[in-house]
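This report concerns aromatic ring pairs. A pair of aromatic rings is described by the distance of the centres and the angle of the planes.

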Amino acid sequence: MTRECAVLLPGVCAALADPRQPGLDDTCLEKLLDWFRSLTWFDPTVELVQDNPCLTEFITSVLALPDPSPGILSFTLQLAGILASSESRFQHLQQEQLLGRLFGREGPRGGAAWEEASVRSAWLKAVHSMVHHQPALHFLCSTGGMDVIFALQGDPSLFVASAASQLLVHLLTFSLESEVSEALSAEDCAWPACAQMIVKHIEESLQSSSASHIEQSLKLLSSLFASYFGSCYAPWTTVLWSGIAKQIESFLLEETVQAQSVLANLLLNVARCPVFSSTEGGFWALVTSALEHLTPAQAGPLAVGLLKLCRCPQDVRIQALTVLLQPMDCILRAASQPLEYAGLLDESVSDPATVESLLSSKTSCAGLLCQTLAHLQELLSLKYLRVDLPRVPLLCSLMTILQFCNGFLSPPSPLGSTISRNLINCFRVQKSALDVLAALSEEKDCDTHIQSLFDVLLAYLQSPNTSPTVLKKTFQATSKWLVHLQELSCSNSQWQQTEKILEDVFLVLQKRLCSPCWEVRDSSLEFLTTLVKSLRDQREFRQRLLSSEVLRLTENLLEDPESYVRASAVTAVGHLASVTYFALESPVIGSQYNKEVGTIAKLQEILLTDSEGFPRRAVISIFTKWLREGCTGQLEQTEQFVSGVIQTVEQDLDWEVRLGGLELVEVFCSQAISQLSQCPYAPVPSAVTSGTPQKELLQVFCRAKLFGFLFRSLCDCDKPVGQRACDVLIGLRGHFYPVSTLENPQEIEDSPAGRGVAWLQRTLRQGSLAQNFPTDGGDGVDFQDPESMMLALGAIDLLELHDELNKSSDHVQESPQSLLQDILATVGTIEDNEVDCY
């Protein structure tokens, strides 16, 4: 603790303990507790309390109050718990007879204040902070604290109940830390006293007739096995599980137990423990039983969790996959002709009638399918899946679901008709099915139904009943399958099929670009951009694109009334330019040149005049893309282009646009250095011996007016802009100056250029706003003079500026000293009532 804070602390403690003072807000008190946590973390000695007697005096004063406010009492409990986290300070507080009055039987847990959930929560947090040494653990067990924690597991406040469960996990694991677990076998394990109390409580609760007690203990067990207990205490893990396994098994078979989902979570957390990795023993048989007896909704999360485990036995994996596929199997069978089995599975894990019943119900059908589809999408995202998914039947099932949802399929079976009625226009299921469909595009062996798949997708794209959100998902799935289709057509000459599908896609895209709904126009433009990115090198795609109305319609949307659409149109036009104006096979001559110039002019006009930030950000992003891809011509043309853009960007009120301008500058600098240097990887010559390329490079940067933009950006009112500008300048200095040859700041003021640079350095240190910088070379600073800029790069301490810019904006205001001053100012004990705003 600093001397300044030690001086302020007694006044703060006195003010907090004074019931006449107005209460502080919880934010101040939490910040104060955070400060004490950091102090005690770095200093476990008793001197922190001995040297600051105001802390114990504060606790004593609060305890003496007849009716302390819940906020101050909660703060006091947590402060005491934090201070007692080291054994030496714990003993000191014990000698002061404070801990018993806070955490013992005579403490607040027996008074009226205990009715406040915030006080109960604070008590639990304080005990959690305190119990990091054996004396605190013994104190808690001997004063009845364990019974209090057990009771708070069922607290009506979910925050309190959760804190109680977390505390019990901490207490059990901490009580085992002093034991030498490595030398013990499961038969030799003897629970330490505190751990024995917790285990006994769990076992008794599981055998009780109270459903709430059973659920509390199951949740506690689940949290316990999910913690490092299950990984680090193998013998005790085995002993604990062997004591409860029979009871868990009985719960799975009892229909009266309501905590089935908690049981599934518990089994999954136990399965993750290394001690159960062996296929021997009864644990995996219990998991198999759970997959059979839990409902599909309860078994689904368990099944997908098991499939992600590397230690799960293969037969259990197959059973888990079967559980996940049962609803999809039911969909296929419901859509097939009578006696025509078209399912995914040879046999089911549980009774198929259960799944059929759920899918037949209007209330449960969509929920079960959405859960199943989410699990399947999760599995498809895994890099390694240790079971084989039946991809072709799964694809057929997805297409069937989508056809059910839009009413394009009339199944002959009664079950199919019922499911179809339940799913008609169900947006949730449509979106989930399309997500899985998109994920399947990256899988192999899904080629046989490609035409049927595109028939389904095109039906959604063409239908006026497709909602904008579902249409967006359809576009995403279509773009992925079009990429897959292109790969197929290259390998097996299916180009005629590809051409027909592309023709249909472009027809519907033209229609959607003219939609009265702005979300549809926006999604259509995003879809177009994705296609251009993925298929720009494919001849069929380019031909179909250039022969359609898509280019004209996209350019028209640059003037759309909705800013999101204008931004998407800018992005689409920017990517289309690489296929049309900037394509290698399209030389920039005649009308083609005019089109290119016209497009650039349109985008520059948007950057200059658009009232919304989204289109302007899109323009600067596209300009940077063009520059990076070398689409802006030779260096001289690029220099003029960049100069014009940054002069516009510099005046923009949107900091993200200015930040985009700095990225443009960074790319330009990198390219110019690469073009003008003999070898970009050669050793960099010093400033003194720099040759023609170095001077020419400086002249290019000065003519483009880069330095004025960069130095003014250093003092931008939005910090990310200043940070990026500093990074760019540091990169430039690294090119022009080796580390050992920076200019001496004391020797540069002899020339006019040096005096201007000295003024610039002083201004930067003061942090003046960018508008205070001269824009025309005033005060002797000429940002377009190569000599001045060379001096500036060598003399200004950019690394110091970098450190300042990376400091938190509130590093002064949120210091402990400032916090203490704010508290004193708030309660009115400081005359100049200046409170920091944070």
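The model is predicted, so local features need pLDDT of at least 70 and side-chain atom pairs count only at pLDDT 80 or more, whereas totals for chains, interfaces and linings use all residues. Residues are numbered from 1 along each chain as its sequence is written, and side-chain values use heavy atoms, with hydrogens and water left out.

Rings of Phe, Tyr and Trp (its six-membered ring) pair if their centres lie within 6.5 Å; planes under 30 degrees apart count as stacked, over 60 as edge-to-face and the rest as tilted. Across the whole structure, 21 aromatic pairs are found. Among them is the tilted pair of Trp191 and Trp236, with 6.3 Å centre to centre and 35 degrees between the planes. Trp191 lies in the loop between α11 (158-177) and α12 (193-206) and Trp236 in helix α15 (residues 234-253), so this pair ties together parts 45 residues apart in sequence. Helices are DSSP runs (H or I, at least four residues), numbered from the N terminus.

The ring centres of Trp518 and Tyr564 are 5.5 Å apart with planes at 15 degrees, so this pair is stacked. Trp518 belongs to helix α28 (residues 518-535) and Tyr564 to helix α31 (residues 563-576), 46 residues apart.

Accessibility is classed as buried (under 20% relative accessible area), exposed (over 50%) or partly exposed (in between), with a 1.4 Å probe and protein chains only.

| Residue | Relative accessible area | Class |
|---|---|---|
| Trp191 | 17% | buried |
| Trp236 | 0% | buried |
| Trp518 | 31% | partly exposed |
| Tyr564 | 38% | partly exposed |

Ring pairs also join Phe225, Trp241, Phe276, Phe283 and Trp284 into a cluster.

Notes:
Helices (H or I, at least four residues) and strands (E, at least two) are DSSP runs, numbered from the N terminus.
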